[in-house]
Amino acid sequence: MDTTELTRKILDRRVKETDPLRIVQAGHPALRRPSLSAGGRLQIDLLLELVDAMTITMREAPGVGLAAPQVGLPLALYVLEDRSESADEGDEDPWERSPVPLRALLDPQVDLLGEQRVYAWEGCLSVDGWQSIVPRSRRVRVRATELLPGGELREIDEEHQGWPARILQHETDHLAGTLCHDLMVPRSFIEAGYTPHYQDLGEAVRLLDLRGEIAELAPGQVVVG
């Protein structure tokens with residue numbers, strides 16, 4: 001089955017166009033297969049329909065990103081959006097969270113910049129209900145083709161840091177068949193309901209007996225390097 005046929009089959013499983021797609025879970029082969037290049041592979045109308053369906057799915061889940069392999073389509077495409085508010089001025093946020101507008105990126109390449117690594121809890125819609133601590137580069141450069149709402153394609157070359165950089169790394173990993181938990185701090189894989197007990201990573205280190213570089217973080221520290 002070619003990519004167009006598979007895309008159409010996935011979209012047609014919905015009863016109506018406003019229904020979310022099914023998010024496949026760990027064990028589905030699409031999550032481990034390197035993705036095919038998205039450029040020129042689908043007609044623009046079909047690509048827009050796919051992105052719209054993925055956006056509905058991401059928002060309903062809810063999540064801050066969704067890659068095509070997560071709906072069973074090994075295509076180098078993802079959508080991302082984070083509506084969370086930035087920290088108030090004067091408040092410290094070591095993870096540097098800020099809103100991310102809705103975007104659809106094709107064939108992204110993410111380069112890690114600098115030596116700083118940030119530790120944070122991550123979850124994945126394809127490993128539903130579980131989280132782990134994943135170190136990520138604080139800063140990245142992303143080059144991609146962005147699909148705009150009207151169907152126009154434009155090339156982007158940008159730098160991001162903090163939480164947006166983490167989202168970009170997470171979603172780009174999906175396109176190479178990598179799940180965030182493949183990169184986790186050993187022993188940090190937990191049921192998501194426990195995560196609030198370990199927002200202080202020092203508590204996670206102590207109570208989960210985590211080892212390695214994370215055990216060297218000072219109280220309140222999440223960045224190394």
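Which residue forms a salt bridge with Asp-209? The partner is Arg-211, and the closest N and O atoms are 2.6 Å apart. The model is predicted. Asp-209 is partly exposed, at a relative accessible area of 33%. Arg-211 is exposed, at 52%. A network of salt bridges with shared partners also exists: Arg-8, Asp-12, Arg-14 and Glu-49 are joined in it.

Opposite charges on side chains can pair when the charged atoms come close. The structure holds 22 salt bridges. One of them joins Glu-96 to Arg-138, with the closest N and O atoms 2.8 Å apart. Glu-96 sits in the loop between strand 2 (77–82) and strand 3, whereas Arg-138 sits in strand 4, so this pair ties together parts 42 residues apart in sequence. Glu-96 is partly exposed, because its relative accessibility is 23% and the buried class ends under 20%.

Arg-141 pairs with Asp-157, and their closest N and O atoms are 2.6 Å apart. Arg-141 is partly exposed, with a relative accessible area of 29%. Asp-157 is also partly exposed, with 48%.

Strand 3 (residues 100–123) and strand 4 (residues 130–147) pair antiparallel over 14 bridges. Within this pairing, Trp-121 has Ile-133 of strand 4 as its bridge partner. The two strands form a hairpin with six residues between them. In its turn, Gly-129 has a positive phi of about 90°.

Strand 4 also pairs with strand 5 (residues 153–161). Nine bridges join these strands, which run antiparallel. Val-140 stands opposite His-160 of strand 5. This hairpin has five residues between the strands, and Gly-151 takes a positive phi near 100° there.

A further pairing links strand 4 to strand 6 (residues 190–191). Two bridges join them, and the strands run antiparallel. Here Gln-131 has Ile-190 of strand 6 as its bridge partner. In a regular strand, side chains alternate between the two faces of the sheet.

Next comes the interior. In soluble globular proteins, nonpolar side chains tend to be buried together. The largest nonpolar core has 33 residues. Leu-105, Tyr-119, Trp-121, Ile-133, Leu-210 and Ile-214 touch the most other members. Strand 2, strand 3, strand 4, helix 3 and helix 4 (201–208) each give two or more residues to this core. Strand 3 supplies the largest share, six residues. Trp-121 and Ile-133, the bridge partners met above, are both among the members that touch the most others.

Tyr-119 shows how wide a set of residues one member can meet. Beyond its neighbours within four places in sequence, Tyr-119 is in contact with residues including Trp-95, Ile-133, Arg-166, Val-185, Leu-201, Ile-214 and Val-224.

In one, the rings of Trp-121 and Tyr-198 have their centres 6.3 Å apart and their planes at 35°, so the pair is tilted. Trp-121 is in strand 3 and Tyr-198 is in the loop between strand 6 and helix 4, so the pair ties together parts 77 residues apart in sequence. Trp-121 is buried, at 9% relative accessibility. Tyr-198 is buried too, at 12%.

The rings of Trp-130 and Phe-189 have their centres 5.0 Å apart and their planes at 15°, so this pair is stacked. Trp-130 lies in strand 4 and Phe-189 in the loop between helix 3 and strand 6, 59 residues apart. Trp-130 is partly exposed, with a relative accessible area of 36%. Phe-189 is partly exposed as well, at 36%.

The last stop is helix 3 (residues 163–175), which holds Thr-172. Is Thr-172 buried or exposed? Thr-172 is buried, because its relative accessible area is 15% and the buried class covers values under 20%. The side chain of Thr-172 makes a polar contact with the side chain of Tyr-78, at 2.9 Å. With neighbours within four places in sequence left aside, Thr-172 is in contact with Tyr-78, Pro-108 and Val-110.

How values were computed
Residues numbered from 1 in each chain as written. Predicted model: local features only at pLDDT ≥ 70, side-chain atom pairs only at ≥ 80, totals over all residues. Heavy atoms only, no water. Helix = DSSP H or I, 4+ residues; strand = E, 2+ residues; numbered from the N terminus. Buried < 20%, exposed > 50% of the residue type's maximum accessible area, 1.4 Å probe, protein only. Polar contact = N/O pair within 3.5 Å; in protein donor to acceptor, adjacent residues only side chain to side chain. Contact = heavy atoms within 4.5 Å. Pairing = 2+ DSSP bridges. Salt bridge = Lys/Arg side-chain N within 4 Å of Asp/Glu carboxyl O. Core = buried A, V, L, I, M, F, W, Y, C linked by side-chain atoms within 4.5 Å. Phe/Tyr/Trp six-rings, centres within 6.5 Å; stacked < 30°, edge-to-face > 60°.
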